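The structure is shown first, and the notes follow by topic.

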Amino acid sequence: MYSTAFVGHHLNRVAVMGGTHGNELSGVYLVKHWLQDPSELQRRTFTATPFLANPKATERCIRYVNQDLNRSFKKSFLTSKGTQDDLYEVRRAQEINQLFGPRDSADAFDFIFDLHNTTSNMAACLIVDSEKSVFTMHMCHHIQKHIQGPCPIYLLGWPEQEKFALLSVAKNGLGLELGPQPHGVLRADVLSHMKALVACGLDFIDLFNQGTSFPAFDTVAYKVIEPMDFPRSPDGEILGFVHPQLQDKDFLPLKPGDPIFQLFSGEEIFYKGDATIYPAFINEAAYYKKGVAFFKLEKCTFSIPPLEASATSAP
Ligand SMILES: [Zn+2]
């Protein structure tokens, strides 16, 4: 089953979200700029809406106030009344779901871009819920053809998993995860790259709205298997760090027997799996407390069906 809800319709309601994590500054400052001057978000067939997703965290330059906003879109949070309303991000997720959703409804926005940075060497990573999101997979293909440098596709693994992220509010969505960049820091190269990626994604929607069809293609994408934690003591203290041979090797093959950690004693820890995997989010600062040293991914090839032009042409 392919997601075809968008076929035959213009995508007029498009949002660009920054500051979902308040210390990931490329998205924060691009969105603040676009709130002042949205001209870069205008296209022939639509104008995208800039939106600062977590203003309280952004103000304090922290990832979140009470809990991770990008994990606050589970059904239990979106429907909770009262008991959890002292949690800022739960309230904020409900507001965002009202403004840009409601999720899975006809009223939901057509597309959300969600802008993130990572301390990992992820290049211009394109985060998609599933390879079955045909429109977004075509957008990724378009971006990979038009943007210089690697733009690996990272599949979150929905719909098998419960939806938890901000992207799930709209009918279609793309997360941009650019790094390496320290949190709380702006780098010119990362900022300009993110701006170019958003522009390319908006161009793609505009082409589709104007009646362009896109042929079928095969593509490589990386699908999340599971997280891998640091070696830890029984009381949770980390006993070592990412091995120098693994540092910065996001999306490169990791074979059984390759080193993954080094203990403070100097001892090396080797990968014990029985197949080659592709790690990503290696040494992401925000994931130490989540128990994640990196995510294990599998490299997959998918055949994506053609994307037919929207039924009505633009004015
Ligand atoms: Zn983030």
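**Zinc site**

The zinc ion is coordinated at 2.0 to 2.4 Å by His21 (ND1), Glu24 (OE), Glu24 (OE) and His116 (ND1). Donors here are N, O and S atoms within 2.8 Å of the metal (3.2 Å for Na, K and Ca), and water is not among the atoms, so sites may look incomplete. This is a predicted model, in which local features need pLDDT of at least 70 and side-chain atom pairs count only at pLDDT 80 or more, while totals for chains, interfaces and linings use all residues. Residues are numbered from 1 along each chain as its sequence is written, and side-chain values use heavy atoms, with hydrogens and water left out.

- Along the chain, the donors of the zinc ion follow the spacing H-x2-E-x91-H.
- His21, in the loop between β1 and α1, and His116, in strand β3, are 95 residues apart, so the pair links distant parts of the chain. Helices (H or I, at least four residues) and strands (E, at least two) are DSSP runs, numbered from the N terminus.
- The arrangement is irregular because the four donor atoms subtend angles of 57 to 151 degrees around the zinc ion. Four donors count as tetrahedral if all angles lie between 85 and 135 degrees; four count as square planar and six as octahedral if opposite donors are over 155 degrees apart and all others between 65 and 115; anything else is irregular.
- His21 counts as buried, at 4% relative accessibility, and His116 is buried with a relative accessible area of 5%. Buried means under 20% relative accessible area, exposed over 50%, and partly exposed in between (1.4 Å probe, protein chains only).

**Nine-stranded sheet**

- Nine strands, in the order β2-β1-β3-β6-β4-β5-β7-β12-β11, form an open sheet with mixed pairing. Two strands pair if DSSP finds at least two bridges between them.
- β2 and β11 (278-280) are the edge strands, each pairing on one side only.
- On average, neighbouring strands of this sheet are turned by 35 degrees against each other, direction ignored. Axes are lines fitted to C-alpha atoms, for helices over the stretch in contact, and angles run from 0 to 180 degrees between N-to-C directions.
- Strands β7 (residues 217-228) and β12 (residues 294-304) run antiparallel and are joined by eleven bridges. Glu226 has Lys296 in β12 as its bridge partner.
- Helix α4 (residues 88-100) packs on the sheet and touches β1, β2 and β3, with its direction at about 170 degrees to that of β2. Contact means heavy atoms within 4.5 Å.
- α6 lies across β1, β3, β4 (123-128) and β6 (172-179), and runs at about 165 degrees to β3.

**Three-stranded sheet**

- A further open sheet has three strands in the order β8-β9-β10, with antiparallel pairing.
- Its edge strands, β8 (240-242) and β10 (268-270), each pair on one side only.
- Three bridges connect β8 with β9 (residues 259-263), and Phe241 stands opposite Gln262 in β9.

**Helix α1**

- The buried residues of α1 are Leu25, Ser26, Gly27, Val28, Leu30, Val31 and Trp34.
- Among the elements covering these buried residues are β1 (14-18), β2 (49-52), α2 (55-60), β3 (111-117) and α6 (188-209).

**Ser80**

- Ser80 lies in the loop between α3 (75-78) and α4, and counts as buried at 14% relative accessibility.
- Leaving out residues up to four places away in sequence, Ser80 touches Val90 and Gln94.
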